[in-house]
Amino acid sequence: MAEPASAGQASTGQAGTGQAVAQPAISVRGLRKSFGSKEAVAGIDLDIGKGSLAGLVGPNGAGKTTSLSMMTGLLRPDRGTVLINGVSVWTDPAAAKATIGVVPAEVRLFDRLSGEELLEYAGRLHGLPAGEARQRAAQLLDVLDLKDDAKRLVADYSTGMRKKAALGCALIHNPRVLFLDEPLEGVDPVSADVIRRLLKRFADSGSTVLFSSHVMELVEQVCDHVSIIAAGRIVATGTMDEVRAGKTLQQAFIDLVGARGTGGEGLSWLGSSSS
Amino acid sequence: MARILVQLKLRLLLGALRATNATRVSFIVSSTVALMVAIGTFVGLAALRHNGGAVDLTAVIYTVFALGWLILPLVTFGLDATLDPATLALYPLRTRPLVIGLLAASATGAWPLANLIGELGITVGLAHGALAVLIAVIAALLQVAFCLTLARLVTTALAGLMRSRRGRDLAALAIIPIFVLYEVFAQVLPRAIGHHELTAASFAEVDSWLRWLPPGLAAHAVQDASTGHAGTAVLRLLLVAASIVALGWLWARALSHALVTADSSTQTASVKGGALPLGRSGGLTGTVAARSLAYQRRDPISMIYWGLTVVIMVVVSLSALRGNHPETGVLLCAGFGGAFTGLLRGDLFGMAGPAFYLDALVLSDRRALRSWFAGQNAAVAVIAIPLVLVVPLVVAIISGHPVNGLLAMALGLAATGAGLGVGDFFSSTLPYPAEQRAGSPIPRQVNGFAMQAVGARFGGLIATAILVIPVIVAIGATGSVADAVRIPALIAGGAIYGALLACAGIALGAGLAQGKVPELFQLAARSKL
């Protein structure tokens with residue numbers, strides 16, 4: 001079960017790289033969403049400072065994707081506000097969305113375009129001139145290690161390549177805030193490293209990254225801020241050290257969310273010693 | 001091995017009855033249709049008794065069945081798990097028992113049984129005498145074995161390709177010749193027979209070719225036995241059996257190869273060119289049009305829709321081609337072409353699918369939505385307009401009344417504008433997520449959205465029909481005016497009217513979608529294309 005003391009201890013933390021932040025890059029207040037009788041997000045408050053690389057971790061079905069969808073204007077919340085650099089996503093969507101990039105969890109893209117066409121399309125959608133969009137697309141494909149596959153249809157890309165192409169689409173207009181939902185899910189270690197380094201570099205330039213994951217090692221490695229979500233509620237948020245409280249993030253997470261299930265005691269037949 | 005695979009096939013078939021309501025209904029419908037095909041074919045073949053062209057017609061029917069077995073498994077690849085050798089590659093199986101087992105599994109089910117029952121119709125229609133009946137039974141059995149082996153060979157040989165994106169795209173396009181065959185049987189043949197343009201004797205020429213193929217050999221063997229040429233009959237059946245053995249040998253080789261060959265689905269070619277079209281036009285409209293234009297030629301669904309539109313245009317213009325109603329047929333051709341262009345694209349958000357998130361991030365106001373609709377319309381119009389101008393004109397020239405083709409241009413342009421406008425309107429008012437299911441390359445609505453899909457299609461058809469009435473009236477009312485004046489005026493009027501309707505559709509669609517983009521995205525995200 002969650003430990004209220006631990007959650008409370010860290011919950012006031014406003015994310016950032018340690019410096020005082022006047023206006024958070026992402027500010028969420030009282031965000032709620034229900035699907036029928038199931039409350040997927042039960043009122044979350046979150047502040048992520050500019051230049052932060054923040055992680056949103058939680059078990060499957062905790063409300064990570066629903067929360068990120070509401071923060072990016074792709075799912076209308078029942079209640080609550082989301083501000084991106086002070087601009088409301090839900091009352092001034094044009095201004096707010098112009099400054100964000102999004103990589104959804106399930107990257108299903110316009111797969112009848114080639115990789116370079118897809119990135120050019122994303123750039124032109126955001127108002128870049130075609131020439132500029134093509135130039136940026138080529139540079140991003142190079143950095144994302146997709147240069148050799150630039151002319152292949154996205155339909156023929158592997159999951160990792162699609163994730164990288166989606167990241168390219170999200171970055172091409174140079175957003176100030178980047179949202180990624182499970183960016184390394186199904187991605188091979190080499191591609192994961194490419195994505196990790198690119199996110200680091202992006203955040204180091206002063207831009208903000210918020211990504212969801214249930215891979216604790218990854219969040220622990222790259223994030224300076226972490227929020228733990230369970231059953232639609234933020235149970236802990238703050239800097240990495242605040243949330244970990246001297247433990248590993250994995251242990252802190254299990255302590256807060258609670259371990260589930262048994263160790264497979266009923267499976268006495270399983271394993272080579274039983275045959 | 002044969003027993004295990006037959007049991008597996010039976011369990012899969014019975015499993016469909018115990019699964020969801022949808023699979024249960026699908027199983028019952030499929031079995032009922034198979035029964036109807038069995039009875040219909042048997043009765044049809046039996047009715048040829050005493051018909052002069054019986055053997056020619058039987059050869060044609062047998063060949064059509066073989067063609068069906070050749071094409072349908074490619075379209076329905078994925079429906080029958082035993083068709084794909086990759087599903088068996090993990091098991092330690094030898095090729096010979098596997099071939100026999102898979103053939104036995106192929107022969108299990110409602111459709112192979114329906115095939116056999118139906119084709120046994122030759123025992124009544126073509127066979128005269130006890131020996132001929134015996135030959136007919138063997139011929140029907142060999143014909144079914146030939147169909148099954150042929151289907152297995154093709155699916156196994158192409159299994160690697162079918163698992164690849166390119167192979168699935170090509171297989172999806174097979175729906176167009178199937179649709180053509182359907183139209184020929186449902187529309188063309190009954191009318192031709194009704195007008196006495198098609199008699200049994202018409203098939204004699206076709207049969208002169210088909211009689212040398214295995215299905216034709218089987219039919220002619222029965223004819224030979226009935227006319228006292230038992231030796232020739234047996235020789236023909238031996239040739240059919242030899243062709244089955246040859247196909248079986250090729251299939252065994254293909255199967256051995258497929259079981260140990262790596263999946264080549266990721267080895268794909270690159271696209272030509274390096275950039276999206278319309279780079280200079282800029283703006284959101286040009287950008288969306290560029291993407292949509294690329295999709296028109298690369299997306300199999302779009303290509304199927306264009307193929308179906310052309311088939312429908314040709315079918316409705318048959319009355320003109322036969323010279324019965326030259327003006328009506330050509331007008332129908334143009335009108336249906338324009339209407340179906342819009343109708344088949346009346347769910348823009350659902351058809352964009354989950355990738356719509358990229359667009360949704362920039363569609364924050366009515367102006368942006370207008371550009372989005374306009375871009376999609378422009379890309380479709382680039383193909384639709386030449387189509388509705390050229391096809392009716394060609395039909396009119398063939399039917400000997402080229403002026404009708406020029407008149408039809410007015411209706412074609414108006415119908416295209418109306419179709420696109422109505423499509424935009426219904427895209428916003430009755431959006432629904434679409435999905436492609438195994439066995440059908442044409443997407444359909446996700447369960448629970450039948451009302452929206454039916455409403456959008458029928459609403460679209462009725463609205464388009466009503467909207468083009470003024471143009472039809474204008475064509476009729478100006479009959480007494482000189483063609484030199486009438487035709488340019490009607491074409492210009494049709495083009496302007498069509499453009500106005502398309503613009504109205506864009507404005508309405510954008511207005512209705514404004515403020516609903518997150519909800520439209522949530523619907524689009526449920527599409528599986």
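This is a predicted model: local features need pLDDT of at least 70, side-chain atom pairs count only at pLDDT 80 or more; totals for chains, interfaces and linings use all residues.
Residues are numbered from 1 along each chain as its sequence is written, with chains lettered from A and ligands numbered from 1 in the order in which they are written.

The domain bounds come from an automatic or database domain assignment: domain 1 of chain A is 1-99 + 177-259, and domain 2 is 109-174. Where do they touch? Contact involves 9 residues of domain 1 of chain A and 9 residues of domain 2 of chain A, contact being C-beta atoms, placed from the backbone, within 7 Å. On the domain 1 side, helix α7 (residues 189-204) of chain A gives the most, with 4 residues; helices here are DSSP runs of H or I, at least four residues, and strands are runs of E, at least two, numbered from the N terminus.

Chain A as a whole has 10 helices and 10 strands. Of its 275 residues, 55% are buried, that is, with 20 or more other C-beta atoms within 10 Å of their own.

Now, chain B. This contact takes 33 residues from chain A and 32 from chain B. Elements giving two or more residues on the chain B side are α14 (283-298), α19 (356-360) and α25 (517-524) of chain B, and α14(B) gives the most, with 6 residues.

Note on methods. A residue is buried if 20 or more other C-beta atoms lie within 10 Å of its own, exposed if 12 or fewer, and partly exposed in between; C-beta atoms are placed from the backbone. Two residues are in contact if their C-beta atoms, placed from the backbone, lie within 7 Å.
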